[in-house]
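This report goes through a protein chain piece by piece, starting with a sheet and ending with a cavity. Keep the sequence and the structure at hand while reading.

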Amino acid sequence: MQLPRGTRDILPEEIAKWHFLEREFATVCENYQYQEIRTPIFEHTELFERGVGDSTDIVSKEMYTFQDKGGRSLTLRPEGTASVVRAFVEHKLYGDVSQPIKMYYNEPMFRYERPQGGRQRQFTQMGIEAIGSDDASIDVEVISLAMEFITRIGLQNIKLVINSLGDKESRLKHREALVSHFEPHIDEFCSECQVRLHKNPLRILDCKKDHDNPLIQTAPSILDYLNEASTSYFNKVQTYLHALEIPFEIDPTMVRGLDYYNHTTFEIMSEEEGFGAKTTLCGGGRYHGLVKEFGGPDTPGIGFGLGVERILLALEKANIQTPAKKPLEVYVITAQPEAELKAVTLVNKLRKNGISAEKDYLKRKLKAQLKDANRKNAVYTIILGEEELQTGKYQLKNMETGEQESIFEDNLDIVIQKKLIDTKEEK
């Protein structure tokens, strides 16, 4: 039996990296007053068809969709925003007096696409949504949060790229210009782009098959079609970014892969050598109309998503070491069978006092237990023999220095905790 293609096991030796990212992301989000939300892994298919957009690759080609026993069409969640907005509407969070509602998530997503480095069919996405404000300052808050998290975990060789898709009026004018630009030569494009031409021509700019076509490079820029209100909004975003000393570039061809975006869109990319052609670590933007589409009042929102697997790959390419798992602090060794009961109770006592402790469970000889303690990089060992059982006084051995100290059991946990603290301070 083997894993399905596009999935992977996260083994115990790797999990410390995941815990590190999860802790850092939660810390940054909570500093910004974002609270965690958890939504179902599967939703009604219509949610993503209407929310993400049926002209996107996600909906048209990548969703895991199935019928349940009641004949209902359900889909494994391919992204986070639609589910969070659905929850916002269903639980009437728009009625909360404290607006905007600021939420973060850290959950598995599913897309049927070709597996590659940092991209799997089941992947983990961290993201945030701020729903209820159309102020440009919260756009910059969202970008700032993403940048702070990425730099906090050690990534420095990154680039922020922003764009504006404008409001509805601006997008309609740009849409007409795109149709006029591509229509005379649409037969040069893939069949999917030919369908997109009149359905959503903006998607042509994001096509994976035709991204090298010169017509994409010469396509009309959305920035040339922004009306006064949209231009003013985009200028405010730039002003706030400058004020926070967050460097950025403007890329008028960046449209993102989802249909619900308008006004601000952004991506944070890795510029680390050897990272690969797909450099995006994080992407997001503003959406107006999505809450209304799901049956709520007309409420604006903005958010981002980032792939944990891609972040881990970026850390690897940048040779950044994440904190290791908690070390084994004490290994209790039994020198004779009669010491087994005392080993069980001693290990339990140490653990209850916050000390990481372990013992042998394979009835190994003394020498084999010492080897196991070394293999597991135990900081200290305690050997329980006949004398220790009689006196209640144990030899605590520092495995790095070889130093030993006799300690009575009643003081053992206090002495070990102090020694561990002193060692950390020295390092």
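This is a predicted model: local features need pLDDT of at least 70, side-chain atom pairs count only at pLDDT 80 or more; totals for chains, interfaces and linings use all residues.

In general, the strands of a sheet are held in pairs by backbone hydrogen bonds, and the pairing may be parallel or antiparallel.

Strand 2 and strand 4 (residues 73–76) run antiparallel and are joined by three bridges. Within this pair, E43 has T75 of strand 4 as its bridge partner.

Why can helix 4 be called largely enclosed by the rest of the structure? Nine of its 10 residues are buried, so the helix is largely enclosed. The buried residues are T81, A82, S83, V84, V85, R86, A87, F88 and V89. Just after helix 4, K92 takes a positive phi of about 55°.

Further pairings

Strand 6 (residues 122–131) is mostly covered, with nine of its 10 residues buried. Strand 6 is joined to strand 5 by 10 bridges, and the two run antiparallel. In that pair, E107 has Q125 of strand 6 as its bridge partner. Strand 6 is also joined to strand 11 (residues 301–307), by seven bridges and again in the antiparallel sense. Here G127 stands opposite G305 of strand 11.

Strand 14 (residues 380–384) has four of its five residues buried, so this strand is largely enclosed by the rest of the structure. Strand 14 runs parallel to strand 12 (residues 330–334), and five bridges join the two. V332 stands opposite I382 of strand 14. With strand 15 (residues 393–398), strand 14 pairs in the antiparallel sense over three bridges. Y380 has N398 of strand 15 as its bridge partner.

| Strand pair | Direction | Bridges |
|---|---|---|
| Strand 2 and strand 4 | antiparallel | three bridges |
| Strand 5 and strand 6 | antiparallel | 10 bridges |
| Strand 6 and strand 11 | antiparallel | seven bridges |
| Strand 12 and strand 14 | parallel | five bridges |
| Strand 14 and strand 15 | antiparallel | three bridges |

Backbone exceptions

Most residues other than glycine have a negative phi, and most peptide bonds are trans. The peptide bond from Q99 to P100 is cis, with omega near 0°. P100 is found in the loop between helix 4 (81–90) and strand 5 (101–110).

H263 is not a glycine, yet its phi is positive, at about 55°. This residue belongs to strand 9 (residues 262–270). Is H263 buried or exposed? H263 has a relative accessible area of 9%. The cut-off for buried is under 20%, so H263 counts as buried.

K363 likewise has a positive phi of about 55° although it is not a glycine. K363 lies in the loop between strand 13 (357–359) and helix 13 (366–375). Its relative accessible area is 80%. Exposed means over 50%, so K363 is exposed.

K365 is found in the loop between strand 13 and helix 13. At 68% relative accessibility, K365 counts as exposed. The C-alpha atoms of K365 and Q116 are separated by 47 Å, and the two residues are 249 residues apart along the chain.

The cavity

How many cavities of 30 Å³ or more does the structure hold? The structure holds one. The volume of the largest cavity is about 40 Å³. Its lining is made up of L155, Q156, N157, I158, S270, E272, A314 and A318. Four of the lining residues are nonpolar, three are polar and one is charged.

Technical notes: Residues are numbered from 1 along each chain as its sequence is written. Side-chain values use heavy atoms; hydrogens and water are left out. On a 1 Å grid over the protein atoms alone, a cavity is a set of points where a 1.4 Å probe fits but cannot get out, and a pocket is an open set with protein on both sides within 12 Å along at least five of seven lines; lining residues have an atom within 4 Å of a point. Grid points are joined across faces, edges and corners, and a volume is the space filled by probe spheres set on the points. Ala, Val, Leu, Ile, Met, Phe, Trp, Tyr, Cys and Pro count as nonpolar, Asp, Glu, Lys and Arg as charged, and the others, Gly among them, as polar. Two strands pair if DSSP finds at least two bridges between them. Buried means under 20% relative accessible area, exposed over 50%, partly exposed in between (1.4 Å probe, protein chains only).
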